[in-house]
Structures are given as C-alpha cells and as structure tokens.
Amino acid sequence: MATPSRSGVFTQATDRRVERFTESISFDRRLYAHDIQGSTAHAQMLAEVGVLTPHERDQICATLQQIGKEIEHDVFPFSIALEDIHMHIEQALIERLGDVGRKLHTGRSRNDQVATDLRLWVRDALDRIKDGLENLQRAFFDRCEGDFEVILPGYTHMQRAQPVLAPHYWLAYCEKLARDIDRVKDCRKRTNVCSLGAAALAGTTLPIDRHDVMQRLKFDSVAGNSLDVSSDRDFVVESAFVLSLIAAHLSTWAEEWILWSTAEFNFLKLPHEFCTGSSIMPQKINPDVLELTRGKSARVIGHLQTLLVLIKGLPLAYNRDLQEDKPPLFDSFETVELCLELAAPLVAGAKLNREGIAAKLDRGYLDATTLMEYLIQKGIAQRTAHHLVGSLVNQAMQQGVSLAELPLETLQAAHPDLDESVREILGVDKAVAAFRSYGSTAPSEVRRQIEIWRSRLYQT
Ligand code: ARG
C-alpha cells in the first residue's frame, strides 16, 4: 500500500515481513484521541500563521473529529500496512479530503507528533493514577474512626515488637500514598512540555507558532531544544518509576493483608466479593486479588528496567527503537490503575477480627520497651535498663506469664526501684497510652494526625 510516509524515493513496495515487524498499530491505537487532539491544534495553528485557509482548517478539524468517532465506535479499518496510528489517521484524512488532507503534516514530523501524543496520553493517565491514589487514601482514612480503639501488634523482622493503634497503621499507608501522589504531580510537570514543532529533529523553515500550539494543548511550556525533545523519553521512564514505586507499595500492603487473613494470624476478614474459591477444596476463600496485586507489581517493576535499557544506548535524536517504549508504558499504567481500582473497595470492605486480635495481644511482650523507658525515666541508664528488662522477659517466658503478671518480688529483685506503680504502664493498653512523642502511636497523636488527614483529604 502507498502510505503517506513512503515518498517517491522508493522503487519497491515494503516486504510483508517488514510490515509485520515494524507495525505499532496493534498497541498505539490507544493514542488515537490524543493524536486527533494534537493534529487539531496543529491545523488551527497552521491557519493562524496563514499556511491553511480557514476553510481548509475547518475541513481538516471536522474530518479529524469524524475519524475519531469512527475509531471510538470500532468501525474504522486498521491495517498493519499503515504502520501506526498517526499514519492511519493521516491516510484517512487524505482519502477524504485529497490535497487539503495532504497539507496537515506541514511543519511537523512523526517524531514530534508521536512525542506529543505520548505526552498528552501520559498526562491524562497520570491524572487518573492520582485520582486512584486519592481514592485509596480515603479508603484507609475512612477506617480510622471505626477502628480507633483497636490495638494491633506492630512488627519488625516479622516479630512482634510494640503495640500500635489500628488507625496508626491506616495512616502509615496514607503517608506512603501521599509521597506517591507528589511524585505523580512532579512527573506531570516534566511531561507537560510541548514537543510539537520540533519537526524531525532540527525544527522547520516554515513560519509555525509553537507557543500557539502549546496553549491550545494546555502544555505549560515549549521545549527549548528541538534535538533534545524529539529524543526525550525521560517522562516515560520517570512515569514507569513512579508506577513501580506505587506497585511496590501496593505489593507490601497486599503481602501484609494476605498474612493477616490467614488462620495463623486471623486479624482480618476479607470481603467475599474480592476473594475466589478453590475448584477442589470447598472451604477455601482465597485472597487472589491481593496475590495478583503483589504479582502484577513484578511486571511493572520489570517494565522500568526495559525502558531504561531501551534508551541507554540511543544517540540523538529519534530512533525507531523508541517505538518499543509503548507496550511497557501502557501496560504499567493500565496495571497500576486496575490495582488501585480494586484496592480501595477491598480496604473499605475488610473487617478486623477484634476479639481474635485482642485475645492474643499479650503475646510477644509488646510492653517490654515501655518498661525499659519507665526505668530510664527513673534515672537508670538505657543500656542497663535494656539488659534488665531482657532478663525480666526471660523470667516471664519461663513462667509462661506476661510482664504485668510477674510478682512484685521478681521485679524488685531485678531492680529495687520497681514498685507497684509499674503496673500503670504494663499491659498493651497502658503501653499504648504511655507513648507521647510526635508522630507516635499515642492516642492523642493519632487523633491529631487523623484531623490533619481529614482536612487534607476532604477539604473542598
Ligand atoms: N510509530 C513510531 C513510534 O512509536 C512513530 C513513527 C516515527 N517513525 C519514523 N520512521 N520516524 O515511535
């Protein structure tokens, strides 16, 4: 097929195998709406500078809209002979408008065109990811009041460490997601730069107005160097990194909740709508959504590696290798968007098994550090207090009792300053109440953090 990009220099048709090898329409058709958006702005600018007449501009814009509708409604024919989405739309325009259609590509190359389309697509996709992250933050936040009284064991090394309030856990995820949102917004800034008008690599001799195009497409600025911007895929790699870290955060949360929903932990009951059954074991309620959230993070993290390797050896400016950026990029966005979409209702619908958690909370000596700090406040050096409490824990373990249940004689044998007042800080509830530092799990601190988050997440 004669394509708009095959000039008179060619004397032979493209080999069929080359068509199959070089096509990108199978994946870049996702860019159609953004390609039409970019071409419309370009045509409007060409009319502003007198390259197109107002009538030609109107014909082009109306036909582009029509083509967009046909693609949207799945009645537009695609063929690998036309390589990519840009060629499909331009070819359709030429078929319908003849020479007027042939004018659209004035002062433009597919190199700046594809970069522009991709920036527009990524900009929208980043905005959707930001919305998904905010939804998930609200799902965690919305649990805080209802779960306020619940105390959970906090872990280090997966060993019971210190007690924490459940809302302290939920707000920990809000914090991680807030950093993710900051990174999304920051990445958006570097994405939102206009590459259109760089032409193939060096700019153009035609009287185009790049700032006009920038404004029409709501970009923040025009790229200052045509050579740089036609080769720049930093925003693609950066998006893949931002998405990888989101995927990693979701994966750690998924792992935690998979553990918490086991019979061994029994902290959490997952909503049945988000679980699947077993084809052979009738009792099974499997956490497949959480497992796939964890599993899909591997793909997203792998795509970041793919993209870095893709760009690392490319001399300036455009090289066809760059076409390979799209499958990993699209997949990263689509995967993380899906994970976020499922995470929010899953967080909202899970129920803490309060009785089960409370019944086992005195296991693991969660108040040992509180006792050590109590001794420090009595003037005992930290290392001495640390050793002393360790030996008390050892004795309690041998007797099969909690620290609060140790007889006064045992405590006083360890240190004469220990008297009955120590009972005021022993036991998990009292240990939680004893915290006081900024950002700690002290009930007053958690309450203060909840109010900060309430205004962050629900201010209008
Ligand atoms: N489909 C290509 C891509 O995704 C854009 C086309 C640029 N091709 C070219 N031969 N200059 O990168």
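Which residues in H12 are buried? In this predicted model, the buried residues of H12 are Val289, Leu290, Thr293, Arg294, Lys296, Ser297, Val300, His303, Leu304 and Leu307.

**Helix H12**

- Helix H12 runs over residues 288-312, and its 25 residues reach 37 Å from the first C-alpha to the last, which is close to the 36 Å expected at 1.5 Å a residue.
- An α-helix has 3.6 residues a turn, so residues three or four places apart point the same way.
- The buried set in H12 includes Val300, His303, Leu304 and Leu307, and what covers the buried residues of this helix includes helix H11 (234-260) and helix H13 (326-349).

**Packing of H11 with H13**

- The axes of H11 and H13 are 10 Å apart and the two helices pack at an angle of about 30°; because angles under 35 degrees count as roughly parallel, H11 and H13 are described as roughly parallel to each other.
- The crossing of H11 and H13 is left-handed, and the contact is made on the H11 side by Val236, Ser239, Ala240, Leu243, Ile246, Ala247 and Leu250, and on the H13 side by Pro328, Leu329, Ser332, Phe333, Val336, Cys339 and Ala343.
- By residue class, this contact of H11 with H13 divides into 12 nonpolar and 2 polar residues, with no charged ones.

**Crossing of H3 and H7**

- Helix H3 (residues 32-48) and helix H7 (residues 110-143) have axes that come within 9 Å and cross at roughly 120°, and the two helices are therefore oblique to each other.
- H3 passes H7 in a right-handed crossing, where His34, Asp35, Gln37 and Gly38 in H3 meet Gln113, Thr116, Asp117, Leu120 and Trp121 in H7.
- The residues of the contact of H3 with H7 divide into 2 nonpolar, 5 polar and 2 charged.

**Leucine 104**

- Leucine 104 lies in the loop between helix H6 (99-102) and H7, and leucine 104 counts as buried because it has 25 C-beta neighbours inside 10 Å, where 20 or more are required.
- Leaving aside neighbours within four places in sequence, leucine 104 is in contact with Ser39, Ala43, Ile60, Glu90 and Leu93.
- Leucine 104 and threonine 63 are 41 residues apart along the chain, and their C-alpha atoms are separated by 12 Å.

Methods:
Residues numbered from 1 in each chain as written. Predicted model: local features only at pLDDT ≥ 70, side-chain atom pairs only at ≥ 80, totals over all residues. Helix = DSSP H or I, 4+ residues; strand = E, 2+ residues; numbered from the N terminus. Expected span 1.5 Å × (residues − 1). Buried ≥ 20, exposed ≤ 12 C-beta atoms within 10 Å, placed from the backbone. Contact = placed C-beta atoms within 7 Å. Axes fitted to C-alpha atoms, helices over the stretch in contact; angles between N-to-C directions. Parallel < 35°, antiparallel > 145°, perpendicular 65-115°, else oblique. Left-handed = near helix turned anticlockwise from the far one by under 90°. Nonpolar A, V, L, I, M, F, W, Y, C, P; charged D, E, K, R; others polar.
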